[in-house]
Amino acid sequence: MDITPTTLLPLTLMGYVLGCAAGLLFLRHEKLANLCSFGCATLAALCGTVACVMSLTAGPAAAPIQLQLLPTLIPYVQFTVRLDPLSAFFGLIVSLLGFALSLYSLGYARGFYGRKNVGVLGAFFNLLLLATTLVVMADNAFFFLMVWEIMALSAYCLVSFEHEKPETRSAGVLYFVMSHIGTGCIMLGFLLLFQASGRVLGNYGPDAYSFAGFHALTGNVSWLSSGSRDAAFLLFLIGFGVKAGIVPLHTWLPAAHPVAPSNVSAFMSGVLIKTGIYGMTRVFFDFLGTPPMWWGVTVLSIGTISAVLGVLYALMQHDLKRLLAYHSIENIGIILMGFGASLMFLHMNHPLLATLALIAGLYHTINHAVFKGLLFLGAGAVLHATHTRDMEQMGGLAKRMPQTAFFFLVGAVAISALPPLNGFVSEWLTYQSLLQGFGTTDSLLRLMFPIGGALLALTSALAAACFVKAFGITFLAQPRSEAAAQAHEAPLTMLLAQAVLVAACVFLGLFPTVFLQVLDPLTQQLTGLQISQQLTLANGLVLSGVNQNGGTVSTLGITLLGLCLLSIPFVLWLVFARRAKTRIGPTWDCGLKGLTPRMEYTATGFSKPIRMIFKALFRPRREVQREYDFSPYFTTSIRFEAHVEEVFETRIYRPLNRWVLWASRRMRALQAGSLQAYLIYIFITLLLLLLFAL
Amino acid sequence: MLLTPILVIPPAAALLCLLVRSRRLMEGLNMLAFAATLALGIRLLHEVLARTVVTEWKEFFYADALSAWMVLLISAVSLGSSLYAGRYFRRDLAAGVVTAGRVKEFFVLTPVFATGMFLVVLANNLGVMWFALEATALSSVLLVALYNRKTSLEAAWKYIMLGSLGLALALFGTVITYAAAVGQNGNGRLPSFNWSHLMTVAAQFDPRLIKLAFVFVLVGYGTKAGLAPMHTWLPDAHSEAPSPTSAMLSGVSLKVAIYALLRFHILTTQCLGTGYSRTLLLGFGLFSMLLAAPFILVQSNLKRMLAYSSLEHVGLICAAIGLNTPVTIFGALLHMGYHALTKPVLFFAAGNIHQTFHTLKFRVIGPGVVKVLPVTVLFMGLAAVAAMGLPPFGLFYSELTVLSGGFAAGRTFISSLILAALIAAFCGILKQLTRILLGARKVERANDATAWDGVPAMGLLVGGLLVFSVWFPEPLLQLIHQAAGIIKGKS
Amino acid sequence: MNHSVSIEIGSQIIMLLAALMLVLQLLLVVQRMLLINIRLFALQSLMLTAIATVVAYYYNATHVYIVAVLTLVGKVIFLPWLLNRLVRRINIVQEIEPLFNAPTSMLICGGLTLLGYLVARPFTTLHKLGNNTLAIAITLLLTGFFLMINRRKAISQVLALLTIENGVMLAAVALTTYGMPLVVELGIFFDVMVAVMVLGILVYRIRESFDSMDTSKLDQLKG
Amino acid sequence: MKPDLFAILLQTALLLALAPLISGCIRNWKARLQNRRGPRVVQPYFDLIKFLRKDMVISEHASWVFSAAPYVVFITALLVGLMVPMVTTQAPVSLFGGVLAVVGLLALGRFFMALGGLDPASAFGGMGSSREMTIAAIAEPALMLAIFTVAITVGSTDFSHMVAAAQQSGWDLLNPAHLMAFVALFVVLLAETGRIPIDNPATHLELTMIHEAMLLEYSGRYLALMEWGASIKQLVLMAILVNIFLPVGLAADGSAAALGLGLAVFLGKILLLSAAVVLVETVNAKLRLFRVPDLLSAAFVLATMALLSTFIFH
């Protein structure tokens, strides 16, 4: 049989199903379960990756692949899968990460032997992969909602995998509740579209639910009244926003991502939140037609706010995985900045710029998937080795687990948007689109672009600070705890998985012009333009803005040139320093007898200046307890605690929750237990109805 | 001869149970009886599909698609709970919670209870339907009071008082309907009180009388169906009854009352045209849903929470029928079926938990039930996921179908309210169940004897649920479509 | 004799009897001695029997005679006897303080009667025997309902339930020209009997485990 | 506009040669203003050679990151230098990146310098890194915004294009937008190069040092690379400032005469700017760390106003 997407796609899905089954089958033999379920997942994801790449590179001429998975069950449900460029792109993200993570899990799951049931983990992991794959490929809103919910469900099960810890349970509940409310909004949104399309089609069959149908209708101006269009926009923004973790709907994210097993948190941060982005792309660019100005403005502002707040909160964390989770919020914000700008350009009828901004967003989507996955895998390896997520307990790991340290450093450089890696490229594109945007309008709104750019700069600078802290405190200097001192390098499969993602980072970073061609069919579908040629100069060496005077960059060139320039230090060494010797000595300790780890700078200390500068936001509290025997000058022990307040949680969510529970408790008074009262209810009902019937 | 056996077999079983002494034999008899009715039900399904209506004894017994659907549900749930009852009472006897006499009482009354329900759905004569319903009420009251605890007596008392009050009102409504049927023509002979006959002449009824009648019927049967605000007996009875009974109460008897209500709804619609009865149904349905949610959110007792969730589902069914489009009604019937397969499992699991921890209070049970009863928790989890309306289980389809129908009919706001109520209930159930099922707990001793309690029953129902969620047999689909057509009426 | 005239007389008799039922109902509402309540109920049932007989006579419909007999045996003789026994067994003589005091109750009942007539007004024009009994039936129903709310002792709540039943039967007999089909009548009758049995059983059990008949003590199940 | 090798070599040489001189001048003039004789102008060269010859002591706690940092710092500084036009309008590798790449590469250098500061497990290094990253974080938006004001009017993020556009008529420094942008950038320059009032290059008092604190554990040729890189960075930033806002005398073509003139003018401009820096350093005292944000946010506000005014004069 020949290798085409049409043949690979079913293989992929089957693979996941098999993996799921295998996990459940071998509940009792953990080694077998681990091998089979994650093995299946790895292979399936590989197939998926190939399939998506093939269908993306097939060129715009190729017709999207359609599959009917199951016979239609009841009216409306049509289990059809459609692999158009957009689906293929997100399918690529899912499968690529899926591949790396499954590979990783083969090693990581060993950590659970004897403690937890690996079979269950494998089964749900496969289910999650399956559902996510179907989410980005579903061609029918009903089917989409179904797999969307299954995805949320399996994610919930995986988050509460280590449910013995109370915080895990509450995080799981918080996640599922918010996600379900989001789903409710999405459902309403799709029902609105369904209503409209059914009205136009004249029948409310499954076709009224098909994505292709929605897309086809966008040409028809009258299909959605502007009112319901805006309503749908808001509903989708909220619904998908919850999944994507935009501020202020993000509170579940830093709670849920850290407590999950690391391979799962990597998937959630890398892929799951991208399904929210997928939904927005699909709906905003594919279904709802030309947007009004305020959509773009809203999305851009939300993006900016999410980016800045996300990174600021990330800086305050000393739980490694929680820190990474907050960075997901930041990056989602950056993606949405691109989308927002794109929507604004679409409104102002600048398809070229709209395409550029959209590309920036999408490029950052895949970039974030890759490097955030990488970072979480690194964090997982660290957790695996030290059994703690608290950075204050780490340190000195660069010596003990060098490969992991290197991989994590690559991820850190990438996510801090430093050249020459991929984070820089996508943010460069974002800057370009914002910059070009200034000229597109004379309204005051255009100020949003440069200010957005400035805030983006702030964001990436803070991100750099945050990852200096994350990497420096975790991997450098002396170990701060026994566990860290005893740490060991992660097993091979875990390293391989990270290597795969590092390779992806480097490729996306150094060869953007190659990758941009992959996006062509996508932009063709969404904005009707293909601009990869326009963005390519010097036969692929250089990436340029839409007009080449607008600015150019070449990460590859920079890298090569940098390598050449390395000759200078070498020459200097030859000339001057050949005879110079190198000694290993102690760090200068101000004449004390030796440095102890307790003298090192801590994570909390590192971020203190920023905490002070942004006092107004963080409202930091500190508690210092000093104990001394006879005189305060001879303190025996000091306990220092610093807390920052998470405004949205303390000011919005907790009060809301409290109020709801209070109201419900008051309601319970109705069921007070007195028969008389119950009789009176019925009596009054009867009397009212009698009057109604008159 | 198809309907008669359905109505004869269970009481026969009851009589035999009265005579025999061995408990196992009683269990066997119960199971046998309900297995038989289930088989007959399936045959009935085909009969009905073949010749839309099956009647016996000069139309005294009358079965159309709607009745056939109900028969299937009743027998399925009864079979499930009789499967479960065996192990359940063996444990209770071992624990000395009940006496052998009470157990006998259970095995005698359950078939009677079921017979009542069968009669409700198979009787053509509205009066007969009424007293059949009363019979179910009376038999189930004694079942609720089975444990003879203070609380269970209280529950039974409230149930009987409110129930028979409601039924009295319903009877009044029935009488008025009959009066309307008799109407002007004071000629010598007594007109038939058969539903099928009334449908043919409904057009000439005095509309004002029918209006009046429907009010009383709604309040009356609504009480039995647990529509808010007449639902107040429901959580008490469902939480205090032995779990097999709770399963039957929640699984079918509510829906049987709805069925009775529907017959009148159809009649009324026939007479007054759409708009009157369906508005009332919609209103009460919505009110029930919205009322149930907060109670679930802050509930402190497992079975009470399940009861409130039943209230939620009943509300959804009524509201869907109230929306009165073919799609929503189809969804409602589908929902009836799926809910009938789901809720009993939850009650069975709750029963196991109750017997293991000797309480239903969340606080007392505490976290980590999964460590003690892994199998039970597995089934409960599946059923709970289904009851929360998540895919891949059928309730997701039925709920989304209802919503779609609502939107298709342009009832945007109402449908949104329904969705909101569903979400609220979801949050409640999720919160509460996570609280007890998951978590760490020191297992004093792994008790394998009780580990597999009730697995056959739960397996049967969950299996059915799963099967019907991914594959829906064509005849059943036709049947539901037919039933929906009947409810929709000609208009 | 002139049939129409006799119809007139018949309907007047029925109205009279029905009115008497209502009066007895009101007496029940104010009366607090249980035994007297039971007697009042028996009397009310007797009225019902009489109405049934009149209807049966005018339409010489045999099955209504049967109904009359059943009512006489069941509601006038058997049930009162049963309840009497119950009351003596668990020797309680009178209802404790009801929710509403007598004057208020009377006022409410007056209101309910008004409502009954209001609801039934459209149908008083039907030209047939006992057409106006609908109003009284509804009133009996509502006042019975109110009685049920108003009383706290289990027994008197049962009694209230039975008076509601009477109201329904009144409608069944008088309003529907000549009663319901026999099978229905029988079904209803036996159901009522069984219901009372069951209630009796429950009352015993409650009595022995709560050692009180005050249902307002049954409020353990909340929320 | 292909990057030609000759230009690259020339500019690299220029950067390497000129950078120490500038720091030397600044140090010397500062001393003069404070009535000290101060070190010779060429002292930095001697220092560098000395450092290069010396043995190295590397902390026992340090990992390979510590050794990688100096190279990264040095190389990034050079790369940045090659992207900015100095004596010619056309920067050698302006094709490889403009403003954004420059900012990015500087950040990369800083990133590794900070890691290098953390690596030897000394509290000073950590403190230095923490402060450096903080200040950079709040300096960067101001820098971006200021450069944006120019980039927007030119419609390009490419320095060569900016300079080219700046040379066109109708461009003047006195345009309020550019004046404000200039001031903003100047403040950022002080911050980025670790000058008073933000940081004090001369101090080794742990409470005040930022940049120095990170270099504390470095010695020998690593220190040389670090110092050299720092001074190159400083030169480049100055070059940006002067060439964008005062683009006179830049060589349009590769002819020797033009280049010579360009070089002379460039030197003049740079020295002028250095003088300004010296002046600022002498008349100001170092700010408390938590006062620095005020200064930089002032710069940010200035840049915003610059934007607004371009909006008005657009």
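**Entry 1: chains A and D**

I began with the contact between chain A and chain D, which takes 67 residues from chain A and 70 residues from chain D. On the chain A side I asked which element gives the largest share, and it is helix H17 (residues 448–475), with 13 residues. I then sorted that side of chain A by residue type: 47 are nonpolar, 16 polar and four charged. A reminder to myself that this is a predicted model.

I also looked for strand pairing across the two chains. Strand E6 (residues 582–585) of chain A runs parallel to strand E1 (residues 56–59) of chain D, and four bridges join the pair.

**Entry 2: domains and a hairpin in chain A**

Next I looked up how chain A is divided. Domain 1 covers 295–566 + 603–609, domain 2 covers 614–645, and domain 3 covers 651–693. I checked how far apart two of these sit: the centres of domain 2 and domain 3 of chain A, taken over C-alpha atoms, are separated by 49 Å.

I then turned to strands E7 and E8 of chain A. E7(A) spans residues 621–628 and E8(A) spans residues 635–643; the two pair in the antiparallel sense over eight bridges. They form a hairpin, and six residues lie between the strands.

Is E7(A) buried or in the open? I found that zero of its eight residues are buried, so the strand lies largely in the open. A side note for reading any such strand: in a regular strand the side chains alternate between the two faces of the sheet.

**Entry 3: cis peptide bonds in chain B**

I went through chain B for cis peptide bonds and wrote down two entries. One joins Ala228(B) and Pro229(B), with omega at about 0°. Pro229(B) sits in the loop that links helix H8 (207–225) to helix H9 (233–240) of chain B.

The other entry is the bond from Pro391(B) to Pro392(B), also cis, with omega near 0°. I placed Pro392(B) in the loop between helix H16 (374–387) and helix H17 (394–408) of chain B.

Because 15 other C-beta atoms lie within 10 Å, I logged Asn148(B) as partly exposed.

Ala121(D) has a positive phi of about 70°. This alanine is found in the loop between helix H4 (99–118) and helix H5 (123–154) of chain D. How many other C-beta atoms lie within 10 Å of Ala121(D)? I got 28, so Ala121(D) is buried.

**Entry 4: around Ala421(B)**

Last, I stopped at Ala421(B), which lies in helix H18 (residues 412–437) of chain B. The count is 23 C-beta neighbours inside 10 Å, so Ala421(B) counts as buried. Which residues does Ala421(B) contact, leaving aside neighbours within four places in sequence? My list reads Met289(B), Leu290(B), Ala293(B) and Glu312(B). I also took one distance along the way: Leu171(B) is 250 residues from Ala421(B) along the chain, and their C-alpha atoms are separated by 32 Å.

Technical notes:
Residues are numbered from 1 along each chain as its sequence is written. Chains are lettered from A and ligands numbered from 1 in the order in which they are written. This is a predicted model: local features need pLDDT of at least 70, side-chain atom pairs count only at pLDDT 80 or more; totals for chains, interfaces and linings use all residues. A residue is buried if 20 or more other C-beta atoms lie within 10 Å of its own, exposed if 12 or fewer, and partly exposed in between; C-beta atoms are placed from the backbone. Domain bounds come from an automatic or database domain assignment. Two strands pair if DSSP finds at least two bridges between them. Two residues are in contact if their C-beta atoms, placed from the backbone, lie within 7 Å. Ala, Val, Leu, Ile, Met, Phe, Trp, Tyr, Cys and Pro count as nonpolar, Asp, Glu, Lys and Arg as charged, and the others, Gly among them, as polar.
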